[in-house]
Amino acid sequence: MDRAIKARAEALKAHFEAAGAVAVETPILQPAEVLLDLYGEDIRARAYVTQDPLRGEQMLRPDFTVPVVQMHMAFGAEPARYTYAGEVFRRQEADTGRPSEYMQVGYEVFDRADPAQSDAEVFALVSAPLSHLALQAKIGDIGLLIAAVNGLKTTEARKAALRRHIWRPKRFRALLDRYAGQTPVPVARIKLLAAADPFAESPTEVGLRGRGEVENRIAALRADAAAPPLEGEAVANIYQLLAVKGSLPAALVELAELARKMPEIVSAVRRIEARSAALKARCIDLSRIVFDAAYGRSSMEYYDGFVFGLYFDGASDSPAVASGGRYDALTLVLGQGAEIPAVGGVIRPEMVLSLEAHA
Amino acid sequence: MTLKLGVPSKGRLMEQTFEWFADHGLTLSRTGSDREYAGAIAGIDGMELVLLSAGEIPRELAAGRIDLGVTGTDLVQEKLPSWRRSVEPLTEMCFGHADLIIAVPSAWVDVDTLDDLDAAAAAFRLTHGFRLRIATKYHRLVRDFLREHGVADYQLVDSQGATEGTVKNETAEAIADITSTGDTLRANHLKVLSDGLILQSQATLFLSNVSQLSAQDRHTLELLRGLINKT
């Protein structure tokens, strides 16, 4: 690893330590099972998986968040602030020229007191050492879409299916359109639901998924077929919400307008307003931040609130120089019953140095 | 220098490859004993025959150790990242047809599409505490396909052979494999998802984009192109 990159990583870590963070380290080898259960099979395409005869499948850490959360949930006292610097490993399936090993320096906050303040604190601390690069800040909030889904007047099963696919925009859209009755029901499903006895052909049963599970699913399909379609206006509202994009002050006005016809997003919008006020109080120029309601939906699945990224030249196809977000639900999944609001961000020192060299 | 042509070293695929080249004026043959993987080409000068396992031909092409190779589109796309950069398909050979598909038990009367598979996978995980297992040897192709179609809560388990049997043996709930007729699927009480076609593959003659060709090799390649395109 380049000495200059390492030196910059240490300097950035010192910057986070000066803000009150405790420096921590995590093992490079992580049990693959935890990460696979969180992210699903897709992570295999993005991380290095290796086989250990004693410890089972192991993964070269694709990021620090999961091990830092695990460490905090096991041993940490509250509130807590952590920093770390080290390599992460990302497999590149296509030849994109992106590095498969690079440094990350991070700052993570576990604090129940005031989430808006914590969000602003992370954003400000991550942005400050990069201010000379004139990066474009992009933010979003996954909580908006979650609130909009929860507020739909429809069955709990449909809401759960939509929530499950928040991070898969294409599937989410397909589900939303189907629940709204805007796409035709597949022929096979119509036949299945019309059949007097779906098992009339009595196919031989094989495998672990038994007759009972098939019957449960048919019952769920029948219940879904009986449920009225989503109101066209409710669906249009969600698409309008996802299309909100612009400078943060303008987006706040737009969101407040939308909240008048979507009462379910009022508290999510208030959280964004409180966060914006906290950012302003830290002397951050809101007019230079782009808010994009759809931002963060196709990245790592654990962000469920505030999300941010700092980009060079607004180039969307190059990776963020720094990024982060809130992941309250992840602490619940990894906490075995415990949970704590958590937010964090990382900087990629090698990108900082390369931008400085080209400045 | 000679132009090296890699072809499958045994079975029906080798025979059909030999027949295809014979139809285009080239006689391929194995030399030496039946167990010795050596070959010869008659009908053109400057070419050499290399007999290889079909599964290794993509890798050898990408490494430039052979200049030309006959193998399935499925193997090329599975084994080579950014495959278009390393190899160029010269011609499809109209044999060795096989579809890479996703199949589930026929008894799953509630599952006909990827959408159903996704919903079944979500419920399966809640019921059994682990992700629905799909047995395959085509990890990259299957994963890319399922990601593109937004299927979640599954896991791929490796199966290098007799994949159709994994469901009965309860080491997988579904499979992704190549099938040419579907008989084996039916015999194992499986059915193909109506939108579960991942790739249609056939035997194809590929040119390596990596190997170094001499002027003489280029001349030989032009002669070969002429022969291929004549019929």
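How many bridges join strand 7 of chain B to strand 10 of chain B, and do the two run parallel or antiparallel? In this predicted model, strand 7 (residues 98–105) and strand 10 (residues 174–179) of chain B are joined by five bridges and run antiparallel. Within strand 10 of chain B, B:Ile178 is the residue that stands opposite B:Leu100.

Both strands belong to an open sheet of five strands in chain B, with the order 9-8-10-7-11 and mixed pairing. Strand 9 and strand 11 (190–201) of chain B form the edges, each pairing on one side only. From one strand to the next, the twist averages 25 degrees. Helix 5 of chain B lies across strand 7, strand 8 (132–136), strand 9 and strand 11 of chain B. Relative to strand 11 of chain B, this helix runs at about 120 degrees.

Helix 5 of chain B also takes part in the contact between the chains. The contact draws 33 residues from chain A and 32 residues from chain B. On the side of chain B that touches chain A, two or more residues each come from helix 5 (114–128), helix 6 (139–148) and strand 9 (154–158) of chain B. Helix 5 of chain B gives the most, with seven residues. Sorted by class, this side of chain B has 14 nonpolar, nine polar and nine charged residues.

Strand 1 (residues 3–8) of chain B is mostly covered, five of its six residues being buried. Strand 1 of chain B runs parallel to strand 4 (residues 47–52) of chain B, and six bridges join the two. One of the pairs along these strands is B:Pro8 with its bridge partner B:Leu52 in strand 4 of chain B. Strand 1 of chain B also pairs with strand 5 (residues 68–72) of chain B, again in the parallel sense, over two bridges. Here B:Leu5 has B:Leu68 of strand 5 as its bridge partner.

The largest nonpolar core comprises 77 residues, and those with the most contacts inside it are A:Ile139, A:Leu144 and A:Ala148. Helix 6 (residues 142–150) of chain A supplies the largest share of this core, six residues. Leaving aside residues up to four places away in sequence, A:Ala148 touches A:Ile238, A:Leu241, A:Met262, A:Glu264 and A:Ile265. A second, separate core has 37 residues, among them B:Ala119, B:Ala121, B:Phe124 and B:Val167.

Technical notes: Residues are numbered from 1 along each chain as its sequence is written. Chains are lettered from A and ligands numbered from 1 in the order in which they are written. This is a predicted model: local features need pLDDT of at least 70, side-chain atom pairs count only at pLDDT 80 or more; totals for chains, interfaces and linings use all residues. Two residues are in contact if their C-beta atoms, placed from the backbone, lie within 7 Å. Helices (H or I, at least four residues) and strands (E, at least two) are DSSP runs, numbered from the N terminus. Ala, Val, Leu, Ile, Met, Phe, Trp, Tyr, Cys and Pro count as nonpolar, Asp, Glu, Lys and Arg as charged, and the others, Gly among them, as polar. Two strands pair if DSSP finds at least two bridges between them. Axes are lines fitted to C-alpha atoms, for helices over the stretch in contact, and angles run from 0 to 180 degrees between N-to-C directions. A nonpolar core is a set of buried Ala, Val, Leu, Ile, Met, Phe, Trp, Tyr and Cys residues joined through C-beta atoms within 7 Å. A residue is buried if 20 or more other C-beta atoms lie within 10 Å of its own, exposed if 12 or fewer, and partly exposed in between; C-beta atoms are placed from the backbone.
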